[in-house]
Amino acid sequence: MRAGTAVVLGPGGPVGTAWLAGLAAGLRREGVDLGAADLIVGTSAGAIVGAILAGGGDLERLAALPAPTGPGAGTRPDPQRLAEVFATLGDSGLARTEALRRVGRLALTASTGDEGAAIARMRSLVGAAEWPERPLLIPAVDAETGEAVVWDRHGSASLPEAVAASTAFPATAPPITVDGRRYIDGALRNGANLDLAADARVLIVAEPMAHLHPANGVAAGEGGTVVRLAPDAAAIEAFGPDLSDRTAWGPAYQAGVRQAPDAAEALRKHIV
């Protein structure tokens with residue numbers, strides 16, 4: 001069934017998560033709740049914010065990055081493996097599925113911390129353990145086969161597991177086990193995964209990495225409308241050069257809040 005309004009929230013690391021949270025919180029203040037959409041698709045950073053939106057959670061508590069709690073609560077990158085991941089993804093001579101299998105193997109051998117702690121961390125950030133009733137899709141990729149999976153509340157992954165898997169970029173966070181399979185970042189499926197909502201009448205796309213990876217040819221279904229929300233120049237400056245830099249969380253969140261009034265004006269033209 002064709003969705004009336006769909007919201008697609010793209011990847012962007014910790015900094016992108018903060019910007020998305022600030023933007024969505026600011027839009028709520030302006031009377032525009034992205035969580036009221038008929039469908040929400042959240043990938044990686046977008047999975048965190050999408051889960052909060054779909055569940056009607058408090059976005060403003062992410063104005064500052066919550067500190068990890070408990071032993072082993074933080075994940076850590078494996079620099080050597082991470083360099084190999086980027087080299088593999090950038091190898092134009094590799095078929096896409098083979099590249100994903102190779103980065104999956106790198107993810108499985110990287111030293112990035114405990115997956116149980118990563119799941120607990122996502123549960124804390126999202127503020128919920130159960131899937132919301134509102135339609136929410138969260139993609140991830142099988143680390144061994146390179147095949148994609150898209151979870152919803154009817155799937156085998158719990159909400160924290162799905163979010164943790166979708167945010168598990170190889171060599172920066174541990175792959176997440178669901179039904180005996182290990183899963184990694186959903187952005188490896190297809191970026192922001194716009195195709196999962198392409199038939200919406202109104203497609204709202206918020207892309208923290210739009211300035212780095214422009215999404216050309218974004219289109220809704222026949223007769224549909226696309227509204228793209230991307231970081232402006234001030235937000236890009238607030239992000240800095242490293243989207244994994246947690247010290248930029250606060251400035252990135254506030255940059256999203258500052259963009260919200262203009263974004264709300266653009267959205268009101270297309271949604272009630």
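In the predicted model, the axes of helix H1 (residues 13–29) and helix H2 (residues 45–54) come within 8 Å and cross at roughly 30 degrees. Helices are DSSP runs of H or I of at least four residues and strands are E runs of at least two, both numbered from the N terminus; axes are lines fitted to C-alpha atoms, for helices over the stretch in contact, with angles from 0 to 180 degrees between N-to-C directions. H1 is therefore roughly parallel to H2, a term applied to angles under 35 degrees. The crossing of the two helices is right-handed, the near helix being turned clockwise from the far one by less than a right angle.

On the H1 side, the contact (heavy atoms within 4.5 Å) is made by Gly13, Gly16, Thr17, Leu20, Ala21, Ala24 and Arg28. H2 contributes Ala45, Gly46, Ile48, Val49, Ile52 and Leu53. These residues comprise 8 nonpolar, 4 polar and 1 charged.

Thr17, located in H1, has a relative accessible area of 3% and is thus buried (under 20%, with a 1.4 Å probe and protein chains only). Residues up to four places away in sequence aside, Thr17 touches Gly12, Ala45, Ile48, Val49 and Trp249.

Ala36 occupies the loop between H1 and strand S2 (39–42). With 48% relative accessibility, Ala36 is classed as partly exposed, the range between buried and exposed, the latter being over 50%. The C-alpha atoms of Ala36 and Ser124 are 22 Å apart, with 88 residues separating the two along the chain.

Residues are numbered from 1 along each chain as its sequence is written, and side-chain values use heavy atoms, without hydrogens and water. Local features require pLDDT of at least 70 and side-chain atom pairs pLDDT 80 or more, whereas totals for chains, interfaces and linings use all residues.

Notes
Parallel < 35°, antiparallel > 145°, perpendicular 65-115°, else oblique. Nonpolar A, V, L, I, M, F, W, Y, C, P; charged D, E, K, R; others polar.
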